[in-house]
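Dear colleague,

Here is the structure I promised to pass on. My notes follow below it.

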Amino acid sequence: MKISISILTSILLSTSAMAEEMKQNINLGLVSTTGNTETLNLNGKYDLTSTTTGLNNQDLNILFDASAFMTENNNVKDNEEYKVNLGIEQLIYNGWLGYASAGWLRNQFLNFDSKIGIGAGIGKELYKDEQQTLSMKLGVAYNIEKYSNAQADHKFTSVNEYIEYNNQLNKVSKFFLQIGASQNVKDFSNDYEAFANLGFNFAVAENLTVTLAEEIRYDNLPALGFKKTDSKTIATVGYHF
């Protein structure tokens, strides 16, 4: 873990030094969960997007986000989650890109002491005009799931798919939809996950936005004793700089 943190810190510092354009967001708000937990949580998230010149003078994007939420009742935690994601996207030609990604999740209320995924693949911007964008990604990942109970660790390779649609409805409001799925290459029909995230962003001031979103995740083979479906209703205020 110390090595991973050192590598991540080095990448972020290098990114800051060479970036030609950098965008950062801090979001704070509330998340209501249903499924394996039924709680109302404080939520915080940080996003960073850095753009520089990569191969053949095409854009190289480095993406980082970290989020956390938790709640307590009578000094006892009844929900807690931490997530970190790091990605690199190299534009290639005519909307095509190659990407690499790494992600870490900890949520003991879903029985994940840690969930790690390291992947790579390709992507394509399928449609773009002044109002709408539609893009997709297809790749593979190696996953390591370590559980909070006595269940044995689960290590597997997956095929991952992702689609994102954005619609700038007017000057102050934007609709977004993200759909993704992953399947264990050795057990496509049984060991798979899917998620959908949709919502609206509202610009309320020059650097402030309000986000209202709904996220649903489905795991066809959850950890033993846990439900297959979880959802989050999210309301946040974001500051962009």
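Tyr-147 touches Asn-111, Phe-112, Asp-113, Ala-152, Asp-153, His-154 and Ala-223, leaving aside residues up to four places away in sequence. Please bear in mind that this is a predicted model. Tyr-147 also belongs to the largest nonpolar core, which has five residues: Leu-105, Leu-110, Phe-112, Tyr-147 and Ala-223.

Asp-113, one of the contacts of Tyr-147, forms a salt bridge with Arg-106, with the closest N and O atoms 2.9 Å apart. Asp-113 is partly exposed at 27% relative accessibility, and Arg-106 is partly exposed at 29%.

The structure holds seven salt bridges. Another of them joins Lys-115 and Glu-193 at 3.1 Å, N to O. That pair links distant parts of the chain, as Lys-115 lies in strand E6 (residues 112-128) and Glu-193 in strand E10, 78 residues apart. Lys-23 and Glu-21 also form a salt bridge, with 3.8 Å between the closest N and O atoms. Lys-23 has a relative accessible area of 48% and is partly exposed; Glu-21, at 41%, is partly exposed.

On the surface there is a nonpolar patch with about 960 Å² of accessible area together, including Ile-26, Leu-169, Phe-202 and Tyr-239. Strands E1 (21-34), E10 (192-205), E11 (208-219) and E12 (229-240) each supply at least two of the patch residues. The largest share, three residues, comes from E10. Phe-202 is found in strand E10 and is partly exposed, with a relative accessible area of 30%.

Regards

Technical notes
Residues are numbered from 1 along each chain as its sequence is written. This is a predicted model: local features need pLDDT of at least 70, side-chain atom pairs count only at pLDDT 80 or more; totals for chains, interfaces and linings use all residues. Side-chain values use heavy atoms; hydrogens and water are left out. Patches are made of residues with over 30% relative accessible area and no salt bridge: like charges are joined within 9 Å, nonpolar side chains (Val, Leu, Ile, Met, Phe, Trp, Tyr) within 5 Å. Accessible areas come from the Shrake-Rupley method with a 1.4 Å probe; for residues, only the protein chains shown count as cover. A salt bridge is a side-chain nitrogen of Lys or Arg within 4 Å of a carboxyl oxygen of Asp or Glu. Helices (H or I, at least four residues) and strands (E, at least two) are DSSP runs, numbered from the N terminus. Buried means under 20% relative accessible area, exposed over 50%, partly exposed in between (1.4 Å probe, protein chains only). A nonpolar core is a set of buried Ala, Val, Leu, Ile, Met, Phe, Trp, Tyr and Cys residues joined through side-chain atoms within 4.5 Å. Contact means heavy atoms within 4.5 Å.
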